[in-house]
Amino acid sequence: MGSRLRVIRHDGARAFLQRAEPWLLEREAENNLVLGLADSLSRTTQDYESPLYFATVERGGEVAGCAFRTPPYKLGLTRMPVGAAPLVASDAGEVYDSLPAVLGPVDVARRVGEAWAALKGVRAVDGMRQRVHSLERVRSPVRETAGGMRLANEDDLAMVKSWIRSFVRTTGLADMREPEARARRLVASGFLALWIDRVPVSMAAFPARTRNTVRVGYVYTPDEHRRRGYASALVVQVSRHILDSGFRRCVLYTDLANPTSNRIYSAIGYRPVQDVMDVNFPDP
């Protein structure tokens with residue numbers, strides 16, 4: 001008979017990492033989101049509401065999964081035994097009266113979503129499906145693209161704010177608060193790159209980093225500059241920049257409903273790691 005599954009809640013990000021980090025690092029690309037978030041929150045929690053939630057799913061004294069939340073955002077889930085779903089929903093339900101959504105590996109997200117819906121008497125609705133990709137060596141596309149990369153600076157800030165707002169609208173990233181503040185932080189930190197073909201035509205950011213990995217995100221090209229290879233060329237150069245800086249790999253998320261972006265990143269050298277999905281809990 002197998003050992004009983006338990007959910008253990010931890011007092012903050014630092015305590016959570018002390019317990020879960022070795023397990024998370026075994027699949028660092030897959031777990032980049034929670035690793036980066038917990039590392040950041042071990043230093044400051046000023047950008048999030050209380051209470052924060054960090055928990056491990058354990059069996060026989062060993063970590064078997066994790067759950068986490070930074071309100072007002074969704075509940076995040078790693079891979080875990082699907083039998084833990086009711087336990088995770090119940091434990092999170094002791095902390096929160098409601099959730100906007102859960103995000104995690106497809107089977108886990110669905111099971112936790114169903115358990116939360118039954119617990120709270122709400123509807124669980126399938127949301128966006130994404131694929132996590134990892135790259136350790138860049139392959140340049142055959143197509144040559146006019147222009148080159150540079151880091152964004154203060155002079156670009158008004159444009160970057162506008163582009164981030166457009167990115168939020170086009171991706172349906174409804175849980176991002178204050179995109180203008182996010183734009184300021186990305187530019188000030190030197191973690192946002194632009195592709196320049198006489199004028200800025202595309203952007204990509206790379207702010208989230210773990211021990212060996214950096215996540216690429218906010219890849220956006222305005223409508224009038226699309227279908228010219230700018231985003232692909234920029235992601236190539238950003239990925240090279242990350243690897244040349246001493247990191248072992250890059251990761252990024254793609255919307256599975258967008259076959260074009262998945263094809264582009266595959267050509268660059270990104271390989272699938274895991275599929276994840278949102279399960280939303282819409283208002284009645």
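Q: By class, how many nonpolar, polar and charged residues does the lining of the largest cavity have?
A: This model is predicted. Tyr and Pro are among the residues counted as nonpolar, while Gly is counted as polar. Sorted by class, the lining of the largest cavity has eight nonpolar, five polar and one charged residues.

Q: What volume does the largest cavity have?
A: A search of the whole structure finds one cavity of 30 Å³ or more. The largest cavity has a volume of about 130 Å³.

Q: Which lining residues are the closest to the centre of the largest cavity?
A: The largest cavity, with its volume of about 130 Å³, is lined by 14 residues. Of these, the closest to its centre are E30, L33, L77, Y253 and V276.

Q: Which element gives the largest share of the lining of the largest cavity?
A: The elements that contribute two or more residues to this lining are helix 2 (32-41), strand 4, strand 5 and strand 12. The largest share is three residues, and the element that gives it is strand 5.

Q: Is strand 5 largely enclosed by the rest of the structure, or left open, and why?
A: A residue is buried when its relative accessible area is under 20%. Strand 5 covers residues 101-105, and five of its five residues are buried. Because of this, strand 5 is largely enclosed by the rest of the structure.

Q: Do strand 4 and strand 5 run parallel or antiparallel?
A: Strand 4 (residues 75-77) and strand 5 are joined by two bridges. With helix 3 (residues 85-95), the two strands make a right-handed β-α-β unit. Strands 4 and 5 run parallel.

Q: Which residue in strand 12 is the bridge partner of V102?
A: Strand 5 is joined to strand 12 (residues 271-280) by five bridges, and the two strands run antiparallel. In strand 12, the partner of V102 is V279.

Q: Which elements are included in what covers the buried residues of helix 3?
A: The buried residues in helix 3 are A85, V88, A89, D91, A92 and G93. Their cover includes strand 1, strand 2 (53-59), strand 3 (62-69), strand 4 and helix 4 (106-120).

Q: Does H10 count as buried or exposed?
A: H10 lies in the loop between strand 1 (5-9) and helix 1 (13-25). Leaving aside residues up to four places away in sequence, H10 touches A15, F16, R19, F54, A55, T56 and E58. The relative accessibility of H10 is 17%, so H10 counts as buried.

Q: Is the peptide bond from P71 to P72 cis or trans?
A: P72 is found in the loop between strand 3 and strand 4. Most peptide bonds are trans. From P71 to P72, omega is near 15 degrees, and the bond is cis.

Q: Does R198 count as buried or exposed?
A: R198 sits in the loop between strand 8 (192-197) and strand 9 (199-209). Its phi is near 70 degrees, a positive value in a residue other than glycine. At 77% relative accessibility, R198 counts as exposed.

Q: Does Y218 count as buried or exposed?
A: Y218 is in strand 10 (residues 213-220). Although not a glycine, Y218 has a positive phi of about 55 degrees. At 13% relative accessibility, Y218 counts as buried.

Notes:
Residues are numbered from 1 along each chain as its sequence is written. This is a predicted model: local features need pLDDT of at least 70, side-chain atom pairs count only at pLDDT 80 or more; totals for chains, interfaces and linings use all residues. Side-chain values use heavy atoms; hydrogens and water are left out. Helices (H or I, at least four residues) and strands (E, at least two) are DSSP runs, numbered from the N terminus. Buried means under 20% relative accessible area, exposed over 50%, partly exposed in between (1.4 Å probe, protein chains only). Contact means heavy atoms within 4.5 Å. Two strands pair if DSSP finds at least two bridges between them. A crossover is right-handed if, with the strands pointing away from the viewer, the path from the first strand over the helix to the second runs clockwise. On a 1 Å grid over the protein atoms alone, a cavity is a set of points where a 1.4 Å probe fits but cannot get out, and a pocket is an open set with protein on both sides within 12 Å along at least five of seven lines; lining residues have an atom within 4 Å of a point. Grid points are joined across faces, edges and corners, and a volume is the space filled by probe spheres set on the points.
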